[in-house]
Structure formats: C-alpha cells, structure tokens
Amino acid sequence: MSASSSLVADTVWKTIESTQSVTEEQLSILHFLFGKNLERATKIVDQRGVKKISGQPSGRSIFQVVGESRRKEEYFCFPEHYCACYSFFYDIVNRGEQLCCKHQLAARLAAALGAFIDVKVSDEQLALLLIKL
Ligand SMILES: [Zn+2]
C-alpha cells in the first residue's frame, strides 16, 4: 500500500472516531483500501468479536479479537502496530503487501465506534498478558 493511501485511511479513521459512526461513503473508501479484509473485519465487529482489555488503574489497553476459524481463536492486537496472528507476520511484516490484518481493522473499527466489549483487569494481569506476546 502506498503512503498516500495510508494517509487517506488515517483521515477516514479519524473522522469515524470523532463522529463515532460510519457512513456508507466512509465504508466504501475503507473497502477500496482494504478489500476483503474490511468485510471480514465488519463481520467480526458485528458479532461482537472485539474485546478491549484495560489495565487498572493505568488505563493502558490491548485489544483481543476473535478469529474467523471455527476454533474461534483470539488474537491480541494493537490496532495500529501489531497483531499476534499469522497473517500479520506473513503478509505485513515479511512481504509488506498490506497495511494491516483483519483483526487490526476490526479492533480499529470497534474502537472508533465504541462497539467493543469492555474488560477491566488489574495492571498486573495486563502485564502478564503482554509478557506472553
Ligand atoms: Zn491479525
């Protein structure tokens, strides 16, 4: 993906975040940029497959996104930087073909729309999760 399309994506995300809603037009831009992965991401969000795990009292957080396979694996995910899934390492880090995976898209969409399940844990519990990444 080129730098300009990543800039377009950022602008669309910021607008969605500021209005907490998504229009048909914004969805079609995102679909143009992310293709099938966006369809998969909206499906995950619709199925309430995104959890935001926040450590208390720091408020630091990580997302946990359910996969699409029948095993319903869950992946830890930072929407803008990292996902624990195979596709993230293979398609994004190794081949540089995509900007992010469907879990990152799902987390970002859910975060922008407030459509995630809020899970509060202690900072110690959060630290234990992060160690395992
Ligand atoms: Zn992923």
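Let me start with a definition: I call a residue buried if 20 or more other C-beta atoms lie within 10 Å of its own. By that count, 29% of the 133 residues in this chain are buried. And do keep in mind, everyone, that this is a predicted model.

Now, the overall picture. The chain has 6 helices and 5 strands. Reading from the N terminus, the order is α-α-α-β-β-β-β-α-α-β-α. How far does the C-alpha trace span along its principal axes? About 40 × 35 × 30 Å. As for the contacts with a separation of 6 or more, 57% of them link residues 24 or more positions apart.

Let's go inside. The largest nonpolar core holds 29 residues, and Val50, Val65 and Ala106 are the ones with the most contacts within it. Which elements supply at least two residues each? On the helical side we have H1 (3–19), H2 (24–34), H3 (36–46) and H5 (102–113), and among the strands S1 (50–56), S2 (61–66) and S3 (74–78). H5 gives the largest share, with 6 residues.

If we set aside its neighbours within four places in sequence, which residues does Val50 contact? Please find Ile44 and Val45 on your screens, then Phe63 and Val65, then Ala106, Ala107 and Ala110, and finally Phe116 and Ile117.

The bridge partner of Val65 in S3 is Tyr75. S2 and S3 pair in the antiparallel sense, over 4 bridges. S3 then pairs with S4, residues 82–83, again in the antiparallel sense, over 2 bridges. What joins S3 to S4? A hairpin, through 3 residues. Here Phe78 stands opposite Tyr82 in S4.

Last, the annotation. The UniProt record, an unreviewed entry, places a "domain: SWIM-type" feature at residues 63–112. Over that stretch the chain is 40% helix and 22% strand. How far apart are the end C-alpha atoms of residues 63–112? They are 13 Å apart.

Terms used: Residues are numbered from 1 along each chain as its sequence is written. This is a predicted model: local features need pLDDT of at least 70, side-chain atom pairs count only at pLDDT 80 or more; totals for chains, interfaces and linings use all residues. UniProt positions are given in the numbering used here, feature names are shortened, and annotations may be inferred rather than shown by experiment. A nonpolar core is a set of buried Ala, Val, Leu, Ile, Met, Phe, Trp, Tyr and Cys residues joined through C-beta atoms within 7 Å. A residue is buried if 20 or more other C-beta atoms lie within 10 Å of its own, exposed if 12 or fewer, and partly exposed in between; C-beta atoms are placed from the backbone. Two residues are in contact if their C-beta atoms, placed from the backbone, lie within 7 Å. Two strands pair if DSSP finds at least two bridges between them.
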